[in-house]
Amino acid sequence: MISFTPDQIYIVTGASSGLGEATALLLNKLGATVVAIARNEERLNKMKSRCEHPEHMHIEIKDLAEDIGELPKYVKALKEKYGKFSGLAYCAGIGGLLPLLMIEYETAEKIFKTNYFAPLFFAKGFLDRRNNIGRGASLVFLSSLDALANTKGQPLYGGSKAALSASMKSVSKDVAPQGIRINCLLPSMIATPMTLNDCCASVNTHNEISEKYPFGWGEPDDVANMVVYLLSDKAKYISGQNYVIDSGGML
């Protein structure tokens with residue numbers, strides 16, 4: 001059984017909804033101390049009200065796509081406030097259902113800033129040896145199945161997630177000698193607000209997509225369980241991987 005102790009401190013980004021919320025709640029339930037980061041204070045407080053150990057759930061309000069170059073300093077400030085971190089679950093991200101002919105540069109920049117540059121520079125801060133516990137630390141990034149099996153209208157979203165997966169695989173090799181692990185998860189259709197808004201404008205679309213997946217749509221906990229496993233010492237021999245979670249439907 002996976003369990004943590006309160007002296008194990010994990011950062012979870014995008015913790016106010018969807019996969020980030022499910023991950024933060026599960027880590028807290030299993031005994032870890034969680035620093036939950038998101039933009040929406042109201043939703044973060046609602047999440048905290050549902051956790052099992054509120055004394056070990058700390059919320060931080062932050063738009064990670066602002067001042068991206070300063071994110072390493074932000075991580076350092078968090079370490080000084082809470083202590084050295086045992087792990088990171090980077091779940092923050094945005095969708096982008098736009099065919100190429102409708103794309104404006106400003107939109108492309110926003111998606112890549114949020115889905116690629118922000119996690120990259122957050123990882124830079126986390127991987128500063130002064131900010132993490134060293135050997136045994138683990139980082140998990142939420143990529144997407146669109147990084148491998150891109151669908152229509154997703155050149156920006158799929159491209160940003162493919163860049164994230166490729167970069168983190170490279171970084172995992174850099175930090176392996178320090179005993180730090182990095183993995184990515186590539187979910188397909190998980191029932192989160194972002195996925196439902198981007199991909200299911202109608203009930204008919206929802207049903208059509210559902211038919212492609214033998215086990216139906218996934219739930220946030222289906223991904224959170226894998227995130228927590230990869231963060232734990234049960235996965236101490238796993239690093240540099242891109243795990244597809246797609247109900248056996250697409251690859």
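Reader: Why do H4 and H5 count as roughly parallel?
Author: Helix H4 (residues 105–126) and helix H5 (residues 155–175) pack at an angle of about 15 degrees, their axes 9 Å apart. The cut-off for roughly parallel is under 35 degrees (over 145 is roughly antiparallel, 65 to 115 roughly perpendicular, the rest oblique), so H4 is roughly parallel to H5. This is a predicted model, in which local features need pLDDT of at least 70, side-chain atom pairs count only at pLDDT 80 or more, and totals for chains, interfaces and linings use all residues. Residues are numbered from 1 along each chain as its sequence is written, and side-chain values use heavy atoms, leaving out hydrogens and water.

Reader: Which hand does the crossing of H4 and H5 have?
Author: Right-handed, meaning the near helix is turned clockwise from the far one by less than a right angle.

Reader: Which residues make the contact?
Author: With contact taken as heavy atoms within 4.5 Å, H4 brings in residues including Ile111, Phe112, Tyr116 and Leu120, and H5 others including Leu156, Lys161, Leu164 and Met168. The contact of H4 with H5 splits into 12 nonpolar, five polar and one charged. Tyr and Pro go with the nonpolar, Gly with the polar, and Lys with the charged.

Reader: What makes H3 and H4 oblique to each other?
Author: The axes of helix H3 (residues 71–82) and H4 cross at roughly 45 degrees, coming within 7 Å. H3 and H4 are therefore oblique to each other. The crossing of H3 and H4 is right-handed too.

Reader: And what touches what there?
Author: Leu71, Pro72, Tyr74 and Val75 of H3 meet Ala118, Phe121, Phe122, Lys124, Gly125 and Phe126 of H4. By class, that contact has eight nonpolar, one polar and one charged.

Note on methods. Axes fitted to C-alpha atoms, helices over the stretch in contact; angles between N-to-C directions. Helix = DSSP H or I, 4+ residues; strand = E, 2+ residues; numbered from the N terminus.
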